[in-house]
Amino acid sequence: MSEQAQAATPLKDVITFAKKHRIEVEDAQKILDQYGGDRKNADKAARRIAA
């Protein structure tokens with residue numbers, strides 16, 4: 001399996017999330033790994049980083 005296939009969150013979603021909140025892709029990946037499907041709290045965490 002490729003590295004991307006093993007990721008908890010698909011790379012496309014990570015990039016979209018990073019662009020939405022204007023944060024780095026690495027930061028977006030960490031947030032999405034931490035919060036998983038809890039998009040409300042993931043959005044809050046991203047807003048804290050972006051500020």
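Analyst: The expected span of a helix is 1.5 Å times one less than its number of residues. The model shown here is predicted. Its helix α4 has twelve residues and reaches 16 Å from first C-alpha to last, close to the 16 Å expected.

User: Which residues of α4 are buried, and where do they lie around the helix axis?

Analyst: The general idea comes first. An α-helix has 3.6 residues a turn, so residues three or four places apart point the same way. In α4, the buried residues are Ala 42, Asp 43, Ala 45 and Ala 46. Seen down the axis of α4, these buried residues fall within an arc of 165°, so they line one face of the helix. The face turned away from that buried side carries the exposed residues Lys 40 and Arg 48.

User: Against which helices do the buried residues of α4 pack?

Analyst: They pack against α2 and α3, the latter spanning residues 25–35. Ala 45, for instance, is in contact with Ile 31 and Tyr 35, leaving aside neighbours within four places in sequence.

User: Is Phe 17 buried or exposed, and which residues does Phe 17 touch?

Analyst: Burial is judged from relative accessible area, with a cut-off of under 20%. Phe 17, in helix α2 (residues 11–21), has a value of 2% and is therefore buried. Not counting residues up to four places away in sequence, Phe 17 touches Ile 23, Ala 28, Ile 31, Leu 32, Arg 39, Ala 42, Asp 43 and Ala 46. The C-alpha atoms of Phe 17 and Leu 32 are separated by 8.7 Å, although these residues lie 15 apart along the chain.

User: Which side chains meet in a salt bridge, and where in the chain are they?

Analyst: A salt bridge requires a side-chain nitrogen of Lys or Arg within 4 Å of a carboxyl oxygen of Asp or Glu. The count by this rule is one: Lys 20 and Asp 43 meet at 3.7 Å, N to O. The pair links distant parts of the chain, with Lys 20 in α2 and Asp 43 in α4 (residues 39–50), 23 residues apart. Lys 20 is exposed, at a relative accessible area of 56%, whereas Asp 43 is buried, at 13%.

Key: Residues numbered from 1 in each chain as written. Predicted model: local features only at pLDDT ≥ 70, side-chain atom pairs only at ≥ 80, totals over all residues. Heavy atoms only, no water. Helix = DSSP H or I, 4+ residues; strand = E, 2+ residues; numbered from the N terminus. Buried < 20%, exposed > 50% of the residue type's maximum accessible area, 1.4 Å probe, protein only. Contact = heavy atoms within 4.5 Å. Arc of directions from axis to C-beta.
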